[in-house]
Amino acid sequence: MDKVKVFEELLNKFETDEIREYCTDMIKEIPDYIFTIPSSTSFKYHNKTQCQPHGQIFHILMFAEVMNYVLGLEYVKEKTNERQRDCLRCTPIFHDAIKCGLNGSQYTVHEHPMLAGEWVRNTSVEHDVDADTKAYIARLCESHSGEWTSTKRSKTVLPKPENDEQFFVHMCDYLASRSNLDMTYSDDVVSALGGVDIPKEELPDVDSYVITFGKYSGKTLPQIKEIDPGYISWAKENMSREPVRSLLKQL
């Protein structure tokens with residue numbers, strides 16, 4: 001499996017060559033098992049897609065998708081710089097890199113945020129970054145569990161987020177792990193993983209499904225297309241809610 005190819009779409013969203021090249025090199029160092037395991041190894045958490053084989057990758061991609069939507073907002077851009085945003089973009093890929101320990105145990109290791117931080121600090125790559133940058137990214141990884149810092153199975157107490165960036169990482173990870181939220185994954189990602197069967201909800205009929213929001217509430221998509229084809233073109237580019245997003249692809 002080409003590990004970098006799996007994350008190619010994410011890497012293309014980086015704004016600086018420096019951090020993109022660093023992240024690319026680090027991806028090559030991620031343990032192989034991360035690319036095959038489900039995200040919830042106990043199958044108690046995450047959505048259906050993330051609980052199947054390769055689910056950890058789908059969780060990372062959704063984590064990054066949520067993050068990139070927010071990083072693209074004008075308000076966020078005004079308060080951050082390109083390099084800082086790219087350091088944040090590393091964390092979805094890095095935060096669970098040692099999720100099941102160095103040797104890949106059967107279940108998630110409670111200390112995995114700390115192991116990820118150690119991995120970031122100690123891994124040297126061709127296009128490396130300075131120690132302060134590594135420490136910044138490592139700390140983002142170490143605090144990604146948010147308020148859930150302890151378990152009966154371990155004496156380790158994980159650090160909580162201490163600033164806005166750390167909480168932001170935790171928030172994106174938290175949203176990407178909700179069992180009732182999912183996203184659409186590109187054919188390129190599925191192909192890079194060797195072809196996987198992503199469970200899909202059965203779609204309603206495009207000709208009878210009635211929109212329940214916006215200025216065309218009460219109409220079907222084909223009806224809207226006849227009235228305002230420009231709106232359909234806009235919706236295809238901007239609509240994220242399901243099943244509308246999937247039904248738009250049929251028009």
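Which residue forms a salt bridge with R121? The partner is E142, and the closest N and O atoms of the two are 2.4 Å apart. A salt bridge here is a side-chain nitrogen of Lys or Arg within 4 Å of a carboxyl oxygen of Asp or Glu. R121 lies in helix α7 (residues 112-122) and E142 in helix α8 (residues 131-142), so the pair ties together parts that are 21 residues apart in sequence. Helices (H or I, at least four residues) are DSSP runs, numbered from the N terminus. With a relative accessibility of 38%, R121 counts as partly exposed, whereas E142, at 6%, counts as buried. In these terms, buried means under 20% relative accessible area, exposed means over 50%, and partly exposed lies in between (1.4 Å probe, protein chains only).

The structure is predicted, so local features need pLDDT of at least 70 and side-chain atom pairs count only at pLDDT 80 or more, while totals for chains, interfaces and linings use all residues. Residues are numbered from 1 along each chain as its sequence is written, and side-chain values use heavy atoms, with hydrogens and water left out.

In total, the structure holds 14 salt bridges. One of them joins the side chains of K134 and D128 at 3.1 Å, N to O. K134 is buried, at 7% relative accessibility, and D128 is partly exposed, at 32%. Another joins E162 and R139, with a separation of 3.1 Å from N to O. Since E162 lies in the loop between α8 and α9 (164-176) and R139 in helix α8, this pair ties together parts that are 23 residues apart in sequence. E162 is exposed, with a relative accessibility of 63%.

Salt bridges also link E15, R85, D86 and R89 in a network. Within this group, R85 has its place in helix α6 (residues 82-94) and counts as buried, at 6% relative accessibility. The side chain of R85 makes a polar contact with that of T80 at 3.0 Å. A polar contact is a pair of N or O atoms within 3.5 Å; within protein, one must be able to donate a hydrogen and the other to accept it, and residues adjacent in sequence count only if both atoms are side-chain atoms. Not counting residues up to four places away in sequence, R85 touches E15, L71, K77 and T80, where contact means heavy atoms within 4.5 Å.

Leaving aside neighbours within four places in sequence, F94 is in contact with Y22, C23, M26, A116, W119, V120, I137 and C141.

Finally, the cysteines: a search of the whole structure finds 0 disulfides, a disulfide being a pair of cysteine sulfur atoms within 2.5 Å. For C87, the nearest cysteine sulfur is that of C90, 6.0 Å away. For C90, the nearest is that of C23, 4.1 Å away. C87 is buried, with a relative accessible area of 3%, and C90 is buried as well, with 0%.

Methods
Helix = DSSP H or I, 4+ residues; strand = E, 2+ residues; numbered from the N terminus.
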